[in-house]
Amino acid sequence: MNSPSSLEALVQALRCLPGVGPKSAQRMAYHLLQRDRQGAGRLAEALKQALERIRHCERCNNFSEEPVCELCRSPRRDPTLLAVVETPADLLMMEQAQCYLGLYFVLMGRLSPLDGIGPREIRLDRLLKRAQDGVVREVILATNFTVEGEATAHYIGELLRTHGLKVTRIARGLPVGGELEHVDAGTLAQAVRERRDV
C-alpha cells in the first residue's frame, strides 16, 4: 500500500533535520498527524514565520529579525573586542557563560574543503570588513577545537594579521575535538580568559 503523497512529502521534509533518518521521520510524521495536529499546525506556522522574518544581522551575521541585532546595538558591549564563532549555538554558549562582553561575528560554518566550504561560503569577506571598521582592536578566534575549526582559526588568523589586527585564540580549556555548545560554562569561561596570540 502506498502512503498518500502529502504524507510522503512530510516524511521527506522531516529528513532534512540532522540525525533524522527515514524511520525517525516517518515516526515524527505519524505522531504529528495522529496525536498532535495542533502541534503540527504550530510547528508549520512557526517555521513559516521564521523563514519570513529571520535574516542575518548586517554586523555580526547572526540570526536576527532586525537589520542589526540587539546584541550589536547594545551600548554595554565592548566594541573593541570581536569574537569569531562558528554557529549561533556557539554564540549562545558564550553568552550563557557570561565570560565575554565584546561583540561577535558568526561564520555560520567552518572551512571544510572536502564539503565544498571555502572562505566565500563562510563570508570571510564580511568578517574582514567588520574587523577593519577602525573600532575593533582584538579579534578572538573562538572556533571549535576540531580539525576544521583549527584550520578555520589558522586561516582567519593569518588573514587578519596581514591587515595589522591583533588576533588571539581561546585557550584549550576545551577538550580536543569538543564543540562549544556541549561545554560547561566554567570550562568555556576559563578558555576565554586564557586566550593566546595566534
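At 13% relative accessibility, Arg-77 counts as buried, a label given to residues under 20% relative accessible area, with exposed meaning over 50% and partly exposed the range in between (1.4 Å probe, protein chains only). The model is predicted, so that local features need pLDDT of at least 70 and side-chain atom pairs count only at pLDDT 80 or more, while totals for chains, interfaces and linings use all residues. Residues are numbered from 1 along each chain as its sequence is written, and side-chain values use heavy atoms, with hydrogens and water left out.

The side chain of Arg-77 forms a salt bridge with that of Glu-95 (2.8 Å, N to O); the term denotes a side-chain nitrogen of Lys or Arg within 4 Å of a carboxyl oxygen of Asp or Glu. This pair links distant parts of the chain, 18 residues apart, with Glu-95 in helix H5 (residues 88-97) and Arg-77 in the loop between helix H4 (70-73) and strand S3. Helices (H or I, at least four residues) and strands (E, at least two) are DSSP runs, numbered from the N terminus. Glu-95, at 24% relative accessibility, is partly exposed. Side chains of opposite charge can pair when their charged atoms come close. By the stated rule, the count comes to seven salt bridges.

Another salt bridge joins Glu-86 to Arg-110, with the closest N and O atoms 2.8 Å apart. Because Glu-86 lies in the loop between S3 and H5 and Arg-110 in the loop between strand S4 (102-106) and H6, the pair ties together parts that are 24 residues apart in sequence. Glu-86 is buried, with a relative accessible area of 1%, whereas Arg-110 is partly exposed at 26%. In helix H3 (residues 37-53), Glu-52 and Lys-48 lie four residues apart, about one turn of the helix, and their side chains meet in a salt bridge (3.2 Å, N to O). Glu-52 is exposed, with a relative accessible area of 54%, and Lys-48 is partly exposed at 45%.

Both Glu-86 and Arg-110 are among the residues touched by Asn-144, not counting residues up to four places away in sequence; contact here means heavy atoms within 4.5 Å. Asn-144 is found in the loop between strand S5 (138-141) and helix H7 (147-161) and is buried, with a relative accessible area of 2%. Its side chain reaches the backbone nitrogen of Leu-180 at 2.7 Å.

In H7, the buried residues are Gly-149, Thr-152, Ala-153, Ile-156, Gly-157 and Leu-160. These residues cover an arc of only 130° around the axis, which puts them on the same side of H7; the arc is that of the directions from the helix axis to the C-beta atoms. The cover over the buried residues of H7 includes strand S3 (78-85), helix H6 (124-131), S5 and strand S6 (166-169).

Helix H1 (residues 5-14) has Leu-7, Val-11 and Leu-14 as its buried residues. Seen down the axis of H1, they fall within an arc of 65°, so they line one face of the helix. The buried residues of H1 pack against helix H2 (22-34), while Ser-5 and Ser-6, on the other side of H1, are exposed.

Terms used. Polar contact = N/O pair within 3.5 Å; in protein donor to acceptor, adjacent residues only side chain to side chain.
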